[in-house]
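This report describes selected parts of one structure. The sequence and the model come first, and the notes follow.

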Amino acid sequence: WKIYFKMRIFFLGDIVGQSGCTAVKKHLPNIIKKKKIDFVVVNGENAADQGVGITEEIAKDLFNCGVDVITTGNHVWDQKEIIKHIEKEERLLRPENLITTSPGKGFGVYNSKNGFKIGVLNLMGNIFMKKCDDVFEAAANFIKKNALKDNYDFLVVDFHGEITSEKMAMGHFFDGYATVVIGTHTHIPTSDCRILNKGTAYQTDAGMCGDYDSVIGMDKNNSLNKFLNKDAKKHFPSIGEVSLTGAIIEGDIETGLAKSIRQFIFGGVLEDKN
């Protein structure tokens, strides 16, 4: 018998650089306790000090502070050490629709703190992104092989994509098949959290865990110099006060679909004052 009647999933957008990692490690344990979170997914593809990729040490630190699964995207291989580590770390995902010879995997099923099985699927868009297999074909194949309340109790889909229309289309494609479809990659949180017609929660982009006094997490002055064709360095993360952004989703334990989704914004220049 399961004695829990609620399922709360916490999703955090792309963690950017050292300041983003530090803020997540500092605040996540308290957020989990205060918000009564049962399962945590974060996108870690920008978590390395350089703002691209992720390292084994960073992944371990995130797991130790309460993260259950780390998803990624187009920068997954930017820190070369992760190629070997991802083969043995089941909780670190790369996009499912990368070429089939890619190390690691894009989907897994994990146990939540309150005894449910959580499927996490990592997908990457095709438009204005690095070359990968057709994402809608990959999604269709996945749906044929997997089902809510059969292969898992709840399903979280991280769609790592550049354009809003592709993300919205994927949300509708998974409507009724996933607990939540949430976008990552653009580092800007969208105010469109909602439940779609067939019960799947949706947000176009979770945003980032980084300094928003920046250009999508990177030093604003250096970024401006690049746009102005002035002398500029390679992009590097901004190190000011961090805002953590994402969403909290409450799942229905009977159906595996969503009962609610609420945008989460904490700290920094974006802090929710309400």
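## Strands 6 and 7

Strand 6 (residues 117-124) and strand 7 run parallel and are joined by seven bridges; two strands pair if DSSP finds at least two bridges between them. Phenylalanine 159 in strand 7 is the bridge partner of leucine 123. Strands (E, at least two residues) and helices (H or I, at least four) are DSSP runs, numbered from the N terminus.

Seven of the seven residues of strand 7 (residues 154-160) are buried, where buried means under 20% relative accessible area, exposed over 50% and partly exposed in between (1.4 Å probe, protein chains only). Phe154, Val156, Asp158 and His160 point one way, while Leu155, Val157 and Phe159 point the other way. In a regular strand the side chains alternate between the two faces of the sheet.

## Basis of the model

This is a predicted model, in which local features need pLDDT of at least 70 and side-chain atom pairs count only at pLDDT 80 or more, while totals for chains, interfaces and linings use all residues. Residues are numbered from 1 along each chain as its sequence is written, and side-chain values use heavy atoms, with hydrogens and water left out.

## Helix 1

Helix 1 (residues 17-35) has 19 residues. Among its buried residues are Gly17, Cys21, Leu28 and Ile32. Just after helix 1, lysine 36 takes a positive phi of about 55°.

## Leucine 228

Leucine 228 lies in the loop between helix 6 (220-227) and strand 12 (244-251). Leucine 228 is exposed, with a relative accessible area of 51%.

Technical notes
Expected span 1.5 Å × (residues − 1).
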